[in-house]
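Subject: A structure for you to look at

Dear colleague,

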Amino acid sequence: MPLVEVKNLTVRFGGLVAVRNLDFAVEQGQILSIIGPNGAGKTTAFNAVTGVYQPTEGRILFAGRELARALTWHVRLGCILIGLLSGTVVMALSVDANLLWRATIKRYMLVPPAQADRRAEAALVSWSHVGDYLLSYLRGELAVEPGRRRWVVISPHLNRELGQAASPQEAAALKDLLAQAVRGETELATVAGDPRWRVNVDDSRLRDLRFARRYVRVAVFVGFGAGFVLGVAGAYAIWHRSRRTPEVVARGGLARTFQNIRLFRELTLLENVLIGLDGAHVSGRASGRLKRRVRGGRASAGHHDAHDLLRFVGLETMSGRLAGSLAYGDQRRLEIARALATKPQVLLLDEPAAGMNATETRRLTELVRQIRDRGVTVLLIEHHMNVVMAISDRVVVLDYGSKIAEGTPAEVKRNPAVIEAYLGKQE
C-alpha cells in the first residue's frame, strides 16, 4: 500500500482550475519530486495535500485512510443540540408575542378594582402561566380574560372577542361550550341561545377558528422542523469544512516547509524547533494532576530532541541565535529541522534549494538523502534540476495543472512532453 496516495485531485478557484485530475502515489522511504514550469500547480497540490486548501474533487489517502477529524458522538450531539436550539427559535417566532401578552400577563394584570393591591403579585404569578399558554396555543384552546365590566372569552389565534359573561365561572363555562362548538361536538345555536352570556360568533367565524386551530399547529411544528434541519445541516457543514485542517494533517504524520520561509524570526533556533516538538505532543486529561512533573519531563526531553535535530541539520552551534539573523541557506535548514520536530512520516519540501548557491545546494541534497535514510518519506517540489535528478526515485511533471509525465528521472528527462513544456515545441 502506498504511504501517500492522491486520487483524481482537482482544485478550483472560481472558474480557474489550478490542479486537474492529479494522480500519484508515494511509497515508504521514497523521494518523489514534483516539477513543472511556474504556475503549473505544484504548490497548490502541496497545499491540498497538507490541508491548507480543501480539494474540490478527489481523495488524499495516508496509509490507506483520510487524515481528517472523525465524526464522533460529540460532534453528532453538538449538531443535534444546535438543531434543537434553532428549531426552538424558529418555533418561537411563529408564536404571536402580542397574543402571548394577552393570554398571560394582561389576563392577570387586569384584576378587578377591588383587588388592585394584588396586581403586583398577579404580575409575578402570571409568568408561571406562559408555558401553559404555549401548550394551549398549540392545542388551539380559547382563553378568558377580564374586561372593563364583564369577563370575555377570546381566541388567542385570531385575537378576537367571542363572547361575554358576568362572572369568571360563567365565562369559563362559555369558553368550554365554544371550544366544543369549534370541535363540532355541540351546536353553536344552542350556545348562543343561553341567556347567561352574549355570544359574538357566527358560522363563518366558527370556520375561521377551526382553520386557525389547524394552521397554528402546522405552522409551529413545521417551523420547529425547518429550524431543526437547518441548524443540524449548518452545524455539520461548518464542522465538515474544518475536519481536514493543517493541524490535523500535521498530527497525522505529514509535515512541510514553505516556498517562502516562515520562521519565528524573533525567537532563537532552539525555540523554533521546540515549537515543532510541542506540536508532536498530545496530552490527555489524565495527566492534569501530574502537570508540573509531566511538563518538566517534557521540557528536558524536548530540549534534548531539539539539540539533536539542530545537530542533524548542522546548526547546533548557533542554537542561541535569533532565527532572523541566519543566512538564507541556514534558515532553510532550520525550517526543515522544525518540520522534522513534529516527527513526521512524510516530509514535504517546497523548493528548498531556491536562492541557494552551489555549495548550499550540495549540502541540501545530502541533507535530503539523510532524511530519507532516517525513515522519512520525502515529497519534493524543486526547480533545480540537478537536485531533482540526483536524489529522486520518481518524478511527476505538471503543466497547467495536469500531469503530463511520471517516471524515473532518466525517463522524465527524455520525455518529449516534458521537453516541450520547459523549452517549447520545435517548428
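How much of the chain do buried residues make up? Of the 427 residues in the chain, 41% are buried. Please keep in mind throughout that this is a predicted model. The chain has 17 helices and 14 strands, and among its contacts with a separation of 6 or more, 69% are accounted for by residues 24 or more positions apart.

Within H2, the residues Val 75, Cys 79, Gly 83 and Gly 87 are buried, and because they cover an arc of only 100 degrees around the axis, they lie on the same side of H2. In general, an α-helix has 3.6 residues a turn, so residues three or four places apart point the same way. The face of H2 turned away from this buried side carries the exposed residues Trp 73, His 74 and Leu 85.

Next comes a pair of helices, H13 (residues 328-340) and H14 (residues 358-373), whose axes come within 11 Å and cross at roughly 10 degrees. Since angles under 35 degrees count as roughly parallel, that crossing makes H13 roughly parallel to H14. On the H13 side, the residues that meet H14 are Gly 329, Arg 333, Ile 336 and Leu 340, while H14 brings Glu 360, Arg 363, Leu 364, Leu 367 and Ile 371 to the contact. Sorted by kind, the residues of this contact of H13 with H14 divide into five nonpolar, one polar and three charged.

Gln 169 counts as exposed because its relative accessibility is 60%, and exposed means over 50%. From Gln 169 to Trp 151 there are 18 residues in sequence and 9.3 Å in space, taken from C-alpha to C-alpha. Glu 170, which also has its place in H7, is partly exposed, with a relative accessible area of 23%. Not counting residues up to four places away in sequence, Glu 170 touches Ala 165, Arg 196 and Trp 197. Of these, Arg 196 is 26 residues from Glu 170 in sequence, yet the two are 7.3 Å apart in space, C-alpha to C-alpha.

Is Thr 245, in a loop, buried or exposed? Thr 245 is found in the loop between helix H9 (203-241) and helix H10 (246-252), and with a relative accessible area of 18% it is buried, because buried means under 20%. Leaving aside its neighbours within four places in sequence, Thr 245 is in contact with Thr 50, Gly 51 and Arg 69.

Asn 8, in strand E1 (residues 4-13), has a positive phi of about 50 degrees although it is not a glycine, and Asn 8 is partly exposed, with a relative accessible area of 33%. Lys 343, which is likewise not a glycine, has a positive phi of about 55 degrees, and its place is in the loop between H13 and strand E11 (346-350).

Definitions and conventions:
Residues numbered from 1 in each chain as written. Predicted model: local features only at pLDDT ≥ 70, side-chain atom pairs only at ≥ 80, totals over all residues. Heavy atoms only, no water. Axes fitted to C-alpha atoms, helices over the stretch in contact; angles between N-to-C directions. Helix = DSSP H or I, 4+ residues; strand = E, 2+ residues; numbered from the N terminus. Parallel < 35°, antiparallel > 145°, perpendicular 65-115°, else oblique. Contact = heavy atoms within 4.5 Å. Nonpolar A, V, L, I, M, F, W, Y, C, P; charged D, E, K, R; others polar. Buried < 20%, exposed > 50% of the residue type's maximum accessible area, 1.4 Å probe, protein only. Arc of directions from axis to C-beta.
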